[in-house]
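Visitor: I am new to this structure. Please show it to me, and then I will ask about it.

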Amino acid sequence: MNRSQHIFGSGLVFAVGLWVTWVSYTQQPAEAFLFPRLIASVFVVLAGWTFGKAVMGLSKVGNGVTRAMFINMLPGLIITLIYVFWAAKSLGFYTATTIAFFILLSIYDPAPHSAAKSWIKRGIITTVFVAVMYGLFAMLLNVYTPREILF
Amino acid sequence: MEFIYYFGEVFTPLSFMLLLGGTIGGLILGATPGLSPTMAVALLIPFTFQLEAAQGLILLGAAYTSTVAGGAVSAILLKIPGAPANIATTLDGHTMAKQGQGARALQLSFLASAVGGIFGVLLLIFLTPVLAKWALAFGPSHLFWLAILGVTVIGTLDSASVVKGLLSGCIGLWLATIGFDDIMGAQRFIFHPALGGGINIIAALIGLFAIPQVLTMFAKGRQTDGAEVIEVQRHSILAAFRELFSRTRALSIGTLTGSIIGLIPGVGGQIAGLVAYDQTKKFSSEKEKFGTGHSEGVIAAESANNAMVGPSLVPLLTLSIPGSPTAAVLLGGLLIHGIFPGSDLFDNHPDVAWTFINSMLIGQVLMCIFGLYVAGLAARVAQVPQSVMAAIVLALSVFGAYSVQGSMGDVYVMACLGIGMFFLERFGFSAAPLVLGLILGPIAEANFIQGGMIADATVGKASYFMTGGLNLFLIAVVLASIAYSVWMELRHRRYTTKEEAQA
């Protein structure tokens, strides 16, 4: 893992540590922040130590994210973000799950894209999975999820 | 012998069905590489909301026990450990399978798991009530230090870097303070409306354990694992039974090592399996056979990793300190039913406590019986493409997080924590101490505040928290766990540097 990734990762954690410490020591009522102050003090020291080590190039633990990994992961991550933060609520859980599931299968399934059989298989897997989820959550557990379009 | 009175509860139709379902499902999930026992239990929690506390725990306990044993199937037939606890099983188990002795290896693995598991649960049965009574003597300062101990032990022993492990624990403790303060009602760190009610533990557990694995599967791209399932030949179960009890040294070393390691918070099944394998090899007269498909290797590793399960719950059920990440998830399962571990559990909810523990005992037997039948199917499930597994786990996580309290906020928190944890793990941080911090944070804070009030009215904070035999003992253990881990890290680094220099 390269040094810049260590610096970025530990720098972000250190920034959060500084913010937590600042909020803990400045917000009122002080009594409500006694425990957060205790944690924040240790948090910021450890985060500062980790960041310092990263800056000096002494950080060794962690494999980082390689370019190939990131490129592989990116489409899945984008679909996940759209599914969680927009589609699930706007389209309804089951519709959004059907679409996201099918797209994820299509992107990551090792079966060839050119074969019609692969697409039929993906369609069947998606349909069966969403039907099982509907049976489990809507019928068995009675969990009422947002349903905007279709079901 | 109170536990005997509650055996009948395990055999009510619904309880037994849940035990059976949890065992068979756990065996299949355990065999699936990439689905850890902790993640399996976390994803199952939403399914327990509508169940009675005891029944919910039966399902979670069965899944915990059988996922650890199920991991042996893929370790033996695919050379891919289903869970870290099964790494040592691969060494001899897969070689046996390649030699056409897959059925023998599987039979020995499940029989050894059952023997180890039953011993571990018996230890849980006899140790827990005694320790729970002893825990009654604990005051706020002791409970505060115990909570800190839980975070530091896992933070230091479960992480490759001591500082990053402790830092993960601190992040978890901080996350636990988000929301409204219980005493003053003040808002703390609420930087988004979704955090108004604080971070829901179940949603956080699902996110922290499931989403990083989903992203890891995405990061592998369209590749297949390429593992071929080795066909299993028939083998007499009676012969396996006889062989197991003729290898008493491996069985007893594995069982004892697993039980002792299970009692130490934070050490876990991976270590138990490897230490038992190593010790059995040391004491064996057939040392040279280890690694070449020797049945003692499978017996030692599998008896150890299942013997660890019962004792790993002792600190949880007596002191509210989860000894492992999976125990932390089980604590979440207890808390959603309004039950707190410790003497309260055994005094006020003995039916829940004993039904759960008894079900783990019966579950070991069921796991052994069904493990042998489900092994073939489980190995096929283990070949399901990662794309399908990733999509299934993602959807289950979203539905599971939402079903906690019907809030989209929980789904957002689950996703944010999960994605954040994926990157933190890549930078060397660990999920286990973070989860422990999140779960033990409220316990630590409540006792810190309560202890502070007592201290202000009596001897002062410093004396109250830093003096007294038990306080000093707990502080010493906290410091010792940190010092030991630092020493181990420095020693490892020195050896690594030497090897690098020689290379």
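**Helices and overall form**

Guide: The end C-alpha atoms of residues 68-86 of chain A are 27 Å apart, and this span is 100% helix and 0% strand. This is a predicted model, in which local features need pLDDT of at least 70, side-chain atom pairs count only at pLDDT 80 or more, and totals for chains, interfaces and linings use all residues. Residues are numbered from 1 along each chain as its sequence is written, while chains are lettered from A and ligands numbered from 1 in the order in which they are written.

Visitor: How far apart are the end C-alpha atoms of residues 37-56 of chain A?

Guide: The UniProt record, an unreviewed entry, includes residues 37-56 of chain A under "transmembrane region"; such annotations may be inferred rather than shown by experiment. Over residues 37-56 the chain is 95% helix and 0% strand, with its end C-alpha atoms separated by 28 Å.

Visitor: What share of the residues of chain A count as buried?

Guide: A residue is buried if 20 or more other C-beta atoms, placed from the backbone, lie within 10 Å of its own. Of the 151 residues of chain A, the buried share is 35%.

Methods:
Buried ≥ 20, exposed ≤ 12 C-beta atoms within 10 Å, placed from the backbone. Helix = DSSP H or I, 4+ residues; strand = E, 2+ residues; numbered from the N terminus.
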